[in-house]
Amino acid sequence: MITIILDKCKGCNICVKNCPLEAIEVVDKKAYTNENCVACGICVRVCPFDAIEKDSKQSSDALSCTNCPVSCAIAPGKTGACARYVNDRNEIIRNRKLVVDSLTKKSNEKLPYKPIITAVGSGSTYPCCRPAPAIVQEKVDDVDVVTVVTEAPLSYSGVKVKIDTNMHIGEEGAKVKRDGKVVGMVTTEEYGSKMLTVGGANLLSNGNDGFIVAKTIVDLANSRKVTLKVEDGSTLELQQGQLPVIDGKTDTLMRVGCGSAAIGLFATHMSKVAQEAIILDYHVIGLLSEHFAGGEVGMQYSGVTPNGVKSTRGRYFGKQGHGWGGTDITDPVDAVADVDMNIAKPGYKILVTETTGQKAAVLEVQSDGSVKEILMPEDVKEVTNIMAQTCEQSSVSVIYTGGTGGSARAGVSSMPRKLTEAIHNDEVLMTLGGAPAFVLPGGGINFMVDVGKMVPDATTWVPTPATVAPVEYTMTRKKYDEIGGHKGHIMTREELNKKFNLGE
């Protein structure tokens with residue numbers, strides 16, 4: 001049980017923030033546990049004042065959960081720290097009904113069978129020597145098919161978060177924090193998107209901060225809104241399948257290409273309404289009249305030099321920032337570095353816009369070579385509308401990543417290496433929460449899966465800390481025998497229904 005040493009307690013609330021069960025309350029700057037406490041020990045590990053202790057005593061009516069090494073002491077009617085298991089009339093049971101049908105019906109061409117059941121609600125087996133909670137066999141198209149499922153705690157896990165935005169969020173490699181704790185990093189920028197990595201084995205095992213890392217992975221994987229802060233960068237409000245909110249602004253459009261690509265795509269339209277166009281973009285700034293596409297549509301160089309470092313003809317590198325197109329330019333006039341009046345003429349119109357066309361302005365060249373912003377003509381506005389209409393809607397996408405090691409494989413087979421080889425040979429279909437997994441090449445079973453295709457609320461976490469992934473392996477009965485499957489534990493549909501109370 002948990003004991004709080006009140007003389008040492010400072011009422012800092014760190015234990016309250018980390019408790020997964022709202023089992024601690026602070027009253028008059030002192031912490032107290034309530035009836036939800038299962039003695040999982042998170043509070044002991046996070047307390048900076050050594051004011052919390054755990055001993056082996058537990059209340060007489062509590063049952064010790066044996067489904068993971070945490071061994072929560074669960075009182076009647078209460079759940080364990082993972083929120084998966086409940087003490088139901090003096091029995092520890094999984095508190096979610098087994099989900100049979102997956103959302104995704106697509107199957108492997110070489111092994112054309114979808115999982116017979118999902119692993120969501122199946123529960124775990126601990127320790128690793130036990131067969132998986134459900135190994136079910138069914139005849140599909142006159143072939144005996146086996147699906148093995150388990151909700152596997154994975155220390156090697158995390159999420160990749162793809163944010164469709166041109167906006168600058170922070171430097172590559174910058175730490176990403178939640179409530180002041182490091183949970184990931186900015187990894188890179190890819191075509192129209194910023195990429196984050198949250199979690200991973202090292203952060204999950206990073207002392208007492210691993211709990212909030214695990215919680216963040218699961219919140220993102222279960223499509224909950226999460227607020228993150230990039231070190232020396234932006235504040236991000238992220239939710240799977242929703243528009244990204246960056247520094248309080250909702251981004252709505254994903255760029256169709258970089259500044260150079262946008263010049264190529266819309267050169268015909270732009271050349272008809274202006275003598276020059278500058279497409280501001282954090283990757284490549286495009287200059288219409290100098291670009292090959294400008295020449296292709298019959299334009300001559302206008303004498304305008306954009307604000308950037310020249311890369312190749314009509315392509316310039318800008319500086320990243322919180323301005324237009326993810327550059328540091330916040331006033332469109334600053335998009336022009338110089339105008340050569342030996343080439344340019346007074347009255348030339350310069351369209352300055354982003355690749356998405358969301359921000360746009362028209363500048364007019366003055367006789368002294370300066371530029372000033374003028375009212376945007378309707379024909380120019382129509383061009384920027386075309387650019388905007390070509391874009392796709394921005395979104396936040398979450399990819400759950402992990403590696404299924406010894407424990408997850410031991411429940412399937414007595415020869416785990418054969419299971420690994422069969423997965424890589426497309427002889428075993430691996431899915432998570434019913435969604436197909438992409439298995440990375442090389443050794444082991446490292447996978448990636450689109451959480452948008454998984455059964456909702458498919459993942460949980462345990463305070464070891466690790467995330468819990470619903471893993472399914474589907475194969476023919478013949479292959480299951482070949483890889484050393486636990487044949488004595490195969491159940492029929494009827495037996496499955498009875499074990500998991502699914503009815504007929």
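**A bent helix and its surroundings in a predicted model**

Helix α5, residues 259–271, packs against helix α7, residues 378–390, at an angle of about 145 degrees, and their axes are 10 Å apart; the axes here are lines fitted to C-alpha atoms, for helices over the stretch in contact, and angles run from 0 to 180 degrees between N-to-C directions. Helices (H or I, at least four residues) and strands (E, at least two) are DSSP runs, numbered from the N terminus. The model is a predicted one, in which local features need pLDDT of at least 70 and side-chain atom pairs count only at pLDDT 80 or more, while totals for chains, interfaces and linings use all residues. Residues are numbered from 1 along each chain as its sequence is written, and side-chain values use heavy atoms, with hydrogens and water left out.

The crossing of α5 and α7 is right-handed, where the definition calls a crossing left-handed if the near helix is turned anticlockwise from the far one by less than a right angle, and right-handed if clockwise. On the α5 side, Ala262, Phe266, His269 and Met270 meet Val383, Ile386, Met387 and Thr390 of α7, a contact being defined by heavy atoms within 4.5 Å. By class, this contact of α5 with α7 has six nonpolar, two polar and no charged residues, given that Ala, Val, Leu, Ile, Met, Phe, Trp, Tyr, Cys and Pro count as nonpolar, Asp, Glu, Lys and Arg as charged, and the others, Gly among them, as polar.

Helix α5 itself is not straight: α5 bends by about 60 degrees at Leu265, the bend being the angle between axes fitted to the seven residues ending there and the seven starting there. Although α5 has 13 residues, its end C-alpha atoms are only 15 Å apart, short of the 18 Å that a straight helix would reach at 1.5 Å a residue; the expected span is 1.5 Å times one less than the number of residues. The buried residues of α5 are Gly259, Ser260, Ala262, Ile263, Phe266, Ala267 and Met270, where buried means under 20% relative accessible area, exposed over 50%, and partly exposed in between (1.4 Å probe, protein chains only). These buried residues pack against β20 (276–280), β21 (285–287), α6 (292–296), β24 (315–317), β26 (349–354) and α7.

Some backbone features lie in loops. Most residues other than glycine have a negative phi, and most peptide bonds are trans. Ala83, in the loop between β6 (73–74) and β7 (85–87), has a positive phi near 65 degrees, and Ala83 counts as partly exposed at 44% relative accessibility. Asp247 likewise has a positive phi, of about 50 degrees; Asp247 lies in the loop between β17 (245–246) and β18 (249–250) and is partly exposed at 38%. The peptide bond from Thr464 to Pro465 is cis, with omega near -10 degrees, and Pro465 lies in the loop between β35 (460–462) and β36 (466–476).

Strand β35 also holds Thr460, which is buried, with a relative accessible area of 17%. Leaving aside neighbours within four places in sequence, Thr460 is in contact with Cys82, Arg84, Val218, Thr467 and Val468.

For the protein as a whole, there are eleven helices and 36 strands, and buried residues make up 51% of the 504 residues. Residues 24 or more positions apart account for 64% of the contacts with a separation of 6 or more.
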